[in-house]
Amino acid sequence: MVVLGLYRGTVMGSGFKLGVYLPIAEISVNIFVLFFMGAAVGFLSGMFGVGGGFLITPLLIFYNIPPAVAVATGANQVIASSFSGALSHFKRGTLDVKLGSLLVIGGVIGAGVGIYVFVLLRQLGQLDLIVSLLYVVFLSTIGGLMLYESIQAMRRTRAGQLATLKKPGQHNWVHRLPFKMRFRASKIYVSIIPVLVLGAAIGFLSSIMGVGGGFIMVPAMIYLLKVPTNVVIGTSLYQIVFVTAFATVMQATTNQSVDIVLAMLLMTGGVVGAQYGARIGQKLRGEQLRALLAMLVLAVGLRLAIELFVTPDDIYSITLAMATGAS
Amino acid sequence: MRRPAAILTLAIAMGAICPAVAQQPPPTNKETVEIGLSTDTISITSGFRGTDLTVFGALDNADPLIQRQGRYDIVVVLQGPERNFVVRRKDRFFGIWVNTESVSFQHIPASYSLASTRSLQDIATPKVFGQLSLGVNNIYYEPLPEGFGSSESLKEFTKELPRLKLKQQLYSQRMGDVQFLSSTLFRATLSLPANVPVGKHVARAFLFRNGEFLRESSTSLNIVKAGLEFRIYRAANQHSLLYGLFAVFLAVVTGWAGRLVFRKD
């Protein structure tokens with residue numbers, strides 16, 4: 001009887017020298033592609049003052065990262081850019097800690113519900129679809145509104161008027177709600193209900209879409225809560241840091257879908273890109289900048305939308321039954 | 001971070017070939033088949049892109065006459081750990097492709113690599129393979145008791161499961177890849193795909209004579225993943241809370257460091 005085994009090694013694919021294996025996404029990717037992806041989004045976020053999570057997640061999906069991992073890692077990546085921003089605002093005193101903390105409480109509740117929905121959708125096999133649909137709806141709405149607004153502003157400037165944001169009205173239905181609280185830093189006296197609801201909505205989106213949610217939070221705080229513009233950004237960043245941190249930990253414990261290696265590549269790229277973006281952003285005209293971003297946002301949304309309608313290569317798919325990691 | 005794939009070290013343990021063919025006239029069914037691996041664990045690193053696994057084995061006490069006629073056949077299978085799987089179908093819904101129907105299966109080998117001396121239909125009748133559950137099309141794909149809608153959809157999805165697995169290269173059948181090197185020694189070449197699942201794999205050898213199944217023997221093989229990436233993977237699964245907190249910590253440090261490096265305020 002012969003007992004013997006032998007291993008015949010195969011030659012590894014050459015020309016893949018810059019590849020790095022993502023342990024959670026379970027695919028090999030090119031280091032520089034991801035670094036530049038992070039840098040490009042960081043550049044844009046520095047230039048436009050946005051978090052960039054809403055661009056990172058769809059870009060990762062285009063790069064064949066499983067949507068579940070893209071969403072969870074997107075949330076992780078947002079912490080880095082928001083943290084440095086929140087720190088600056090805190091030092092300058094343009095951060096309402098009391099209002100921010102209340103938003104965090106709402107955010108944590110929303111993120112918790114979001115994770116539950118995320119797990120449910122994953123079990124039902126509908127996660128990828130819902131993530132794409134949410135992105136298509138949000139990106140096209142935000143992109144469309146921004147494009148419209150910036151074109152209006154450009155027209156006004158051409159007509160010789162000053163391009164200013166519309167002055168928000170003095171009072172609205174929000175101010176008739178009960179449980180009012182005074183926020184000194186923001187100089188507002190408002191019910192805590194809309195604050196908690198707004199926080200929860202943003203938290204929900206962080207869990208499901210992997211975004212910070214600044215693009216919804218900032219206009220909502222200005223128009224709904226009438227928070228002065230100078231404290232809006234800082235307070236929004238403060239909330240985003242805590243809620244995305246909570247969402248990251250929740251994703252890690254329930255779905256094991258946070259990829260540290262992927263997040264590190266994106267974050268380092270993002271930190272570098274943001275610095276240059278901020279410098280360029282100061283030199284460019286606001287309306288043109290906003291029109292550019294709007295078109296970019298619309299393009300990403302369109303690309304995601306097309307994918308929903310294109311006939312897939314194989315209408316059947318197979319996955320591991322439990323929600324513990326993709327096969 | 002990446003190491004050459006060829007770290008699999010199945011050292012060669014060359015035993016003595018026992019030519020124990022005594023002159024025993026008719027008593028049939030004396031033949032035995034044995035396969036073995038010199039190691040019970042293979043560790044693969046993250047650079048692993050799939051490879052061939054060669055298993056050697058021996059057929060002893062063979063009848064020389066039947067052997068000359070080439071009527072002994074051997075099928076070797078390497079079967080991965082059992083898992084539960086869901087197969088889904090997409091349908092068009094207002095123009096959008098949506099996952100609609102699905103069937104859940106249980107105790108499905110996550111990987112299945114088969115090698116045989118000839119194509120299966122030349123070795124024995126489908127009934128024999130069916131009884132042995134041998135071959136990609138004969139494995140019993142057991143649905144979860146409440147994992148399917150109708151028996152029609154069960155039939156449809158049961159057909160798709162092996163097709164998808166073959167497409168992912170997790171299942172493979174290699175006809176003619178069991179070769180006799182001498183009258184007793186044979187070699188089977190199996191596929192270990194890049195995405196081979198970790199866990200306990202079972203290698204089984206089936207011996208056929210004149211289309212009749214005689215016996216089987218088996219040995220097991222543990223496939224583990226090694227390297228930094230897989231330590232990260234394990235940490236994410238086994239210490240998920242700490243892992244999540246560490247991910248947050250890393251992000252905070254990166255954000256803070258970026259500010260420190262680039263800003264002067």
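**Strand and helix pairing in a predicted model**

Colleague: Which residue of β13(B) stands opposite B:A203?

Modeller: This is a predicted model, and in chain B strand β12 (residues 199-209) pairs with strand β13 (residues 212-225) in the antiparallel sense, over eleven bridges. Within β13(B), the residue that stands opposite B:A203 is B:T219.

Colleague: In what order do the six strands of the open sheet in chain B lie?

Modeller: Strands of a sheet pair through backbone hydrogen bonds, either parallel or antiparallel. In this open sheet of chain B the pairing is mixed, and the order of the six strands is β2-β13-β12-β4-β7-β9. The edge strands, each pairing on one side only, are β2 (41-44) and β9 (171-175) of chain B. Neighbouring strands of the sheet are turned against each other, direction ignored, by an average of 20 degrees, and the order asked for is β2-β13-β12-β4-β7-β9.

Colleague: How are α7(A) and α8(A) oriented to each other?

Modeller: In chain A, helix α7 (residues 214-223) packs against helix α8 (residues 229-254) with their axes 10 Å apart and at an angle of about 140 degrees. An angle over 145 degrees would count as roughly antiparallel, and α7(A) and α8(A) are therefore oblique to each other.

Colleague: How many nonpolar residues has the contact of α7(A) with α8(A)?

Modeller: The crossing in which α7(A) passes α8(A) is right-handed. Residues making the contact include A:M217, A:V218 and A:I222 of α7(A), together with A:V232, A:I233 and A:Q239 of α8(A). By class, the contact of α7(A) with α8(A) has no charged residues and four polar ones, while the nonpolar residues number seven.

Key. Residues are numbered from 1 along each chain as its sequence is written. Chains are lettered from A and ligands numbered from 1 in the order in which they are written. This is a predicted model: local features need pLDDT of at least 70, side-chain atom pairs count only at pLDDT 80 or more; totals for chains, interfaces and linings use all residues. Two strands pair if DSSP finds at least two bridges between them. Helices (H or I, at least four residues) and strands (E, at least two) are DSSP runs, numbered from the N terminus. Axes are lines fitted to C-alpha atoms, for helices over the stretch in contact, and angles run from 0 to 180 degrees between N-to-C directions. Angles under 35 degrees count as roughly parallel, over 145 as roughly antiparallel, 65 to 115 as roughly perpendicular and the rest as oblique. A crossing is left-handed if the near helix is turned anticlockwise from the far one by less than a right angle, and right-handed if clockwise. Two residues are in contact if their C-beta atoms, placed from the backbone, lie within 7 Å. Ala, Val, Leu, Ile, Met, Phe, Trp, Tyr, Cys and Pro count as nonpolar, Asp, Glu, Lys and Arg as charged, and the others, Gly among them, as polar.
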